[in-house]
Amino acid sequence: MQPPKSHPRYESLMKREKILEGIKEGIVAEAGLIAHGRGEAFDYLLGEKTIPEADLAEKIAAYHLILAEYPVISVNGNTTVLVPDDIVKLSELLNAKIEINLFYRSEERMRKIADILRKHGAKRVLGEKPDSKIPGLEHSRALCTNEGTIKADVILIPLEDGDRAMALKNMGKTIIAIDLNPLSRTSKASDVTIVDDVVRALPRITHHIKSVKEEKTSKKVIKKEIAAFDNTKNLSKILERMQTEAISRF
Ligand code: ATP
Ligand code: MG
């Protein structure tokens, strides 16, 4: 059911609708509903907007992706139902591979997710035919492809599980997470953590990549800003902002 546009939390309700629809269609796992609810709670504390610390992380993420030799975007059911167009646009802009990675893997769900992404213009979607494994994870969660996860130097992981994020980090990859929970293991294990809703984060990363191209920002400047970024410091600022933002509305 579509909420009325005048509803003060229209955007949030629309996201719920998409997730629920995804469950009905067998694209989102039931646990994806719980993950979404947890994300919503943190987003509520942040005022359901992109905070300055998230924007900084989005810019640094864009910088890493621009410098990457082999960027990969990892997607799951939630991300696919929420932002299929943005995933495809970003992958085209970066010439990045898209790979499906599911916490609750089923061949049917893999196919349905790949079909949606293809319907939204993705020429190639990896993950349905895994030919490798991430070391240190149990079988179905470890499955990945040589052409995607294994070859990647920089991986964008929206809504990823902590075990997999840590295993990817142990493989020496640069990890960019999109996770509304600044306290999750994923958030703490990542090189860059974007504490923002994936619906706002992906277009903002794309915006920052375009700005670099338009403004012809030099590689030297990009590298300097990456070196100056401290993810742990940024996460602790976010925790403070959650408190002040929530108290200001009390
Ligand atoms: P971890 O395994 O990293 O310790 P977790 O087990 O608590 O975290 P998971 O269910 O593995 O959480 O991952 C889901 C994460 O995705 C949650 O932290 C949640 O806040 C976040 N999340 C859910 N929906 C969104 C969204 N739309 N945008 C950004 N983040 C989201
Ligand atoms: Mg988890």
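Which residue lies over the face of Tyr104? Arg141 does, at 5.6 Å from the ring centre. The views below come from a predicted model.

**View 1. Arg141 over the ring of Tyr104.** Arg141 covers the ring face of Tyr104, at 5.6 Å from the ring centre. Tyr104 itself is partly exposed, with a relative accessible area of 43%.

**View 2. Phe103 and Tyr104 form an aromatic pair.** The structure holds one such pair. The ring centres of Phe103 and Tyr104 are 5.0 Å apart, and the planes meet at 75°. Planes over 60 degrees apart count as edge-to-face, so the pair of Phe103 and Tyr104 is edge-to-face. Phe103 is partly exposed, at a relative accessible area of 29%.

**View 3. Arg249 over the ring of Tyr44.** Here Arg249 lies over the face of Tyr44. The distance from the ring centre is 5.5 Å.

**View 4. The surroundings of ligand 1.** Ligand 1 is surrounded by 18 residues. The closest are Asp161, Gly162, Asp179, Thr186 and Val198. The space that ligand 1 takes is the largest pocket.

**View 5. Polar contacts of ligand 1 with Asp161, Leu180 and Thr186.** Asp161 places a polar side-chain atom 3.0 Å from an oxygen atom of ligand 1. Leu180 uses its backbone: a polar atom there is 3.2 Å from a nitrogen atom of ligand 1. In Thr186, a polar side-chain atom lies 2.8 Å from an oxygen atom of ligand 1. On its own, ligand 1 has 640 Å² of accessible area, and the protein covers 87% of this.

Terms used
Residues are numbered from 1 along each chain as its sequence is written. Chains are lettered from A and ligands numbered from 1 in the order in which they are written. This is a predicted model: local features need pLDDT of at least 70, side-chain atom pairs count only at pLDDT 80 or more; totals for chains, interfaces and linings use all residues. Side-chain values use heavy atoms; hydrogens and water are left out. Rings of Phe, Tyr and Trp (its six-membered ring) pair if their centres lie within 6.5 Å; planes under 30 degrees apart count as stacked, over 60 as edge-to-face and the rest as tilted. Buried means under 20% relative accessible area, exposed over 50%, partly exposed in between (1.4 Å probe, protein chains only). A charge sits over a ring if NZ of Lys or CZ of Arg is within 6 Å of the ring centre and within 35 degrees of the ring normal. A residue is near a molecule or strand if one of its heavy atoms lies within 4 Å of it. A polar contact is a pair of N or O atoms within 3.5 Å; within protein, one must be able to donate a hydrogen and the other to accept it, and residues adjacent in sequence count only if both atoms are side-chain atoms. Accessible areas come from the Shrake-Rupley method with a 1.4 Å probe; for residues, only the protein chains shown count as cover. On a 1 Å grid over the protein atoms alone, a cavity is a set of points where a 1.4 Å probe fits but cannot get out, and a pocket is an open set with protein on both sides within 12 Å along at least five of seven lines; lining residues have an atom within 4 Å of a point. A molecule sits in a cavity or pocket if more than half of its atoms lie within 2 Å of its grid points.
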